[in-house]
Amino acid sequence: MSKNSDVALDDVFTATTGSVFVSGIQALVRLTLEQMWLDEARGLKTASFVSGYPGSPLGGVDMEFDRAKRFLDPAGVRFQHGLNEELAATAVVGTQFVDQLPGATYDGVVGYWFGKNPGLDRAADALRHGNYAGTTPLGGAVAMIGDDPSSKSSTLPSSSAEMCESLMIPAFNPSTVGELITYGLHAVAMSRAAGVFTALRVVTDLADAAAVVDLVDPSTFIAPPDPYRFTLRHVLLGNRAVEAEQDLFEHRIPLAMAYGKANRLNAVTFEASRATIALLASGVTYATVLRAFEILGIDQPALEQMGVRLIKIGLIWPLDHEEFRAFTAGLSQVFVVEDKRPFLELHIRDALYGAPNLPVILGKNDEDGSPLIPSWGSMDVDGVVAVLAKVLERHNPPQYVVDEIARIRRPKHRLSVTALPVRQPYFCSGCPHNRSTRADDDQLVGVGIGCHVMVAFQDEHRGHKVGMTQMGGEGTQWIGMAPFTSDAHYVQNLGDGTFFHSGSLAIRAAVVAGVNVTYKLLYNRAVAMTGGQQPTGVLEIPQLTSWLALEGVQQVIITTPEPATYNDVVLHPIASVRHRDDLADVQDELAALPGVTVLIHDDRCAAEERRLRRRGTIAAPTTRLHINERVCEGCGDCQRVSTCLSLEPVDTPYGDKTRIHQSSCNLDFSCANGDCPSFVRVIPGTKADHVVPDLPVTLVDPSVIVNETDTTIRMTGVGGTGVVTVSRIIQMAARLDGRAASGLDQTGLAQKGGPVISDVRIADHELSTAPKASEHMIDLVLGFDLLGVLTPSVADKLTSDRTIAVLNMDTTPTHDQLMRKGPATPNATHVHELIEPLTRAEHNVYLNALDIAEAVVGDHLAANLVLFGAAFQAGCIPLSAAAIERAITLNGTAVATNITAFNWAATQEIDDILAMTLRVNDFLTGMFSAVGITLVDFKIEFGRIYEGDFSRVILADEISPDSCRLWDSTTNEKLDKDRFRRDLGNVIESYTEVARRLGIMKEMPTVIQGGITGDAS
Ligand SMILES: Cc1ncc(C[n+]2csc(CCOP(=O)(O)OP(=O)(O)O)c2C)c(N)n1
Ligand code: SF4
Ligand code: SF4
């Protein structure tokens, strides 16, 4: 592969040949452009229309379409935000009627719908109508469906295969990011050729992935031999609907099948000369099977010896029975590798029913009926490795595969600890939901869809939670409960995005049913959970109060941090305004009223507020809040009052105190509401900009010490701290270096401070296999968040013969830790004990990356780049520094800072620091042990001194009971700073005892007025 020095970010939407570095979501946007370029080249006068509703794994699709507007407009692609999935789908159905309009300005319009799986359920009626009515030969309609099989950020795990079949919509199942584009183009071509809607499954592992993709020429796609063309659009009523049904069954679905066959969408991809077993898989699972082959050492000769026929299914429905009989002819076994309920397996059984010499079909069960692949969750690489090993070891594998199977089954070190802190997603600092969702523990509360769903993780002060609905059903469960209970009142949390999507109808239903319910309408001015979009169809609060009155709502109270902003605002007479500090009283008042009442909590999403302040769209408060550590007693009252993640414990010379983490604080001042005199409001002066120093050393590219031709990196981090950015920088750098790369970001609810795992693979060969890292494949674990690495699901995938750990030892506390609950983060010694048996310990790097980032570039967000740089210097990233720096530059954010941070942690210096520390440790341990004192731990600080162009690490620090933990070796009595931090008394005596034993203070001193005098020589 050659180097690509002329790469630009816009390539993703402009390049027409070669390759592009594209994320799964961008691939969907690119698909719409490529279709238009293709139509233009063919001289067709067509346009495209895209509409849908965001939701993970398609959370950011709408924003990506908005961002790409300057490319889409000239190409004739029009994007329209949907009000909800059903109405967006209906609009897309409309595109297929354009050619019947007398004033039509195009010969055809391609319609694309997108939505997550629950959105598909919601839009099913519209899509079914559209599919029965049909599509136009120069139009076509494709549903892009986001499936979240393991429910990473959904209320339910999902798979759309069965629904597509029920809707009679042919469904494509891509296995790579590149196939999102090629299968998408096929989906349009099939829709045009067969007159049906088609579907493109976009599973989380593709939507959240990115890869360098080779572009293909779609003009080679083959239409079926005699394409059926529509002359009449079906009007669906009575007999005509039955005609449409007949047409769909008898003509259009067979045409779709013919298209699939002609284009070999389902195909044998490897054929042993004497095949006895078929392995059949589709989509990401097919890519996972290929990855599992790599892990098990299964190459082509091994497949040949085991008699394997490998079958890839690109079109999961409809399946051509004849084709399946041909695929499985002459075999004794067919192993269907698929997650979720048996779908392909049942269809294959159906296809083969009655055929002579039926092969045994394995899938959900083994040949003896014992369970093989579960019907729930999703299959990861390790799961597929296990089932393939089990099935294929019975098919005469070569010795090297037998050895690999034995290797992966060998017991290995697992994480040997029980109680470790767990990072859970939580409200951003200053989030309005953190206050608005408070409720007495005996108040019945309905959980709703949106960021406020996180109340489900919390046990206290969020009410007695009963019931949780799909998006838009909020509160209507109470209609089915209320007649059967003596409980009088229900509170329902409802986001504003959800209200405008469909939740407004739920309020109408509650009014009609006459139930006693208070809707807490959380008006944060954002569809925050999916990225902070402006809600489509939004009404401002004054109009909203009138709308609610019209619906029959009894009373509305608006709570806000700034009641004065309503002074001149005309509201409906049923509405009034109160300060948000009155929230508890307001809830009681509304609960006492019969019927439907609404509390509108008007407080902007803190994440959105931060973005707007950064852009200068809204003003930031002129004051900042600080805690005076001399006054603070570390009692945690402010944390209980605000439950805010920006309030961190801090170890000070005066004991454990609380500090506001200024860079993450969103300035909503909730924490100052407690009864604490430590808070100080400060008007910040103008501070000189932090001067980012020049790099003091000249760096050379280090020797690579990981598998250079095929490297897998797993990164663990905290949402919102730039983990995905590092992943994208690595992949872009790989592209610049002419290497193949792919990545997958498992983010879940990461934007709320939850855990993120990003996997990147860099190779010298084309990567068509699943990007997710698996056991036995991880070369480097880059622990931006140490707690992420100490999670069993991550730690247990590390291997002592392969993985190097580069860890940031500065951890951000979890919510539980801030609330002074649950286990503490293990100290450095314990971390070493836990990690080293799992890794190539001699190469591990442990670094206080956060401290370095704050000290060097003045920004905690640069910590990831510091750690990444340390991994690079340690030889764990097989890329050139020049490519990485160029990728940082192309990324365009904080370029100078990030390049400095990347280059800062040179390993030579880390090695020097480590060597010095070990020498100091040896010396001090011996010195204290000789005088009957155990040195438990100590802290020393290093600095750099500059000599011309070079710098040297130096150590100059005090060693005293203030910087060490010193225990009497016989009694374990503490002789250090813990005496005053924990109020153990006898501070002076203990310190003096240490000095006396060391022989540096021979006489007991005289104590005068709190100070010490004496012979300290
Ligand atoms: C039918 C359906 N479509 C989309 C989603 C994805 N989704 C989950 S939360 C959410 C945003 C809700 O926004 P809002 O109600 O404003 O609450 P916020 O996140 O702002 O608190 C969306 C669109 C879904 N769960 N169901
Ligand atoms: S994104 Fe906004 S609404 Fe969601 S948790 Fe953060 S501040 Fe709250
Ligand atoms: S002001 Fe206090 S409660 Fe608000 S975000 Fe900052 S630390 Fe958190």
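**Notebook: a walk through the predicted model**

I started at P318, which sits in the loop between strand 12 (315-317) and helix 13 (321-328). The peptide bond from W317 to P318 is cis, with omega near 0°. For the record, helices (H or I, at least four residues) and strands (E, at least two) are DSSP runs, numbered from the N terminus.

Ground rules before going on. I am working on a predicted model, where local features need pLDDT of at least 70 and side-chain atom pairs count only at pLDDT 80 or more, while totals for chains, interfaces and linings use all residues. Residues are numbered from 1 along each chain as its sequence is written, chains are lettered from A and ligands numbered from 1 in the order in which they are written, and side-chain values use heavy atoms, with hydrogens and water left out.

**Entry: the other cis proline**

I also looked up P57. The peptide bond from S56 to P57 is cis, with omega near 10°. P57 is in the loop that links strand 2 (46-52) and helix 3 (61-67).

**Entry: whole protein**

I noted 35 helices and 37 strands in the protein. The radius of gyration is 32 Å, close to the 31 Å that the globule rule gives for 1017 residues, so the protein is as compact as a globular protein of that length. That radius is taken over C-alpha atoms, and the rule is 2.2 Å times the number of residues to the power 0.38. The C-alpha trace spans about 110 × 80 × 60 Å along its principal axes.

Of the 1017 residues, 55% are buried. Buried means under 20% relative accessible area, exposed over 50%, and partly exposed in between (1.4 Å probe, protein chains only). I then checked contacts, meaning heavy atoms within 4.5 Å. Among those between residues at least 6 apart in sequence, 75% join residues at least 24 apart.

How many residues of strand 4 (residues 108-116) are buried? I found nine of its nine buried. G108, V110, Y112, F114 and K116 point one way, V109, G111, W113 and G115 the other way, and all are buried.

Strand 2 pairs with strand 4 in the parallel sense over seven bridges, and S48 has V110 as its bridge partner in strand 4. Strand 5 (residues 141-147) also pairs with strand 4 in the parallel sense, over six bridges. There, Y112 stands opposite V142.

I traced an open sheet of eight strands in the order 1-8-27-28-26-29-30-31, with mixed pairing. Its edges are strand 1 (19-23) and strand 31 (845-847), each pairing on one side only. Neighbouring strands are turned by 15° against each other on average, direction ignored. Inside this sheet I followed one pair: strand 27 (residues 740-746) and strand 28 (residues 755-763) run antiparallel and are joined by seven bridges. The bridge partner of G743 in strand 28 is V760.

**Entry: helix 19 against helix 20**

Helix 19 (residues 496-513) packs on helix 20 at an angle of about 35°, with the axes 10 Å apart. Axes here are lines fitted to C-alpha atoms, for helices over the stretch in contact, and angles run from 0 to 180 degrees between N-to-C directions. From helix 19, F499, F500, S504, I507, R508 and V511 meet L544, W547, L548 and E551 of helix 20. The contact divides into seven nonpolar, one polar and two charged residues. In this count Ala, Val, Leu, Ile, Met, Phe, Trp, Tyr, Cys and Pro are nonpolar, Asp, Glu, Lys and Arg charged, and the others, Gly among them, polar.

R525 lies in the loop between strand 18 (517-523) and helix 20 (541-551). Its phi is near 60°, a positive value in a residue other than glycine. R525 is partly exposed, at 25% relative accessible area.

Which residues surround ligand 2? I listed F427, C428, C431, H433, C451, M454, N524, A528, C605, A606, A607 and K752, each with a heavy atom within 4 Å of the molecule. The shell has nine nonpolar, two polar and one charged residues.

Ligand 3 has 13 residues around it, the closest being C644, C665, D668, F669 and C671. By class they are six nonpolar, six polar and one charged. I went back to F669, which sits in the loop between strand 24 (655-660) and strand 25 (679-682). F669 has a positive phi near 60° without being a glycine, and at 15% relative accessibility F669 counts as buried.

How values were computed
Pairing = 2+ DSSP bridges.
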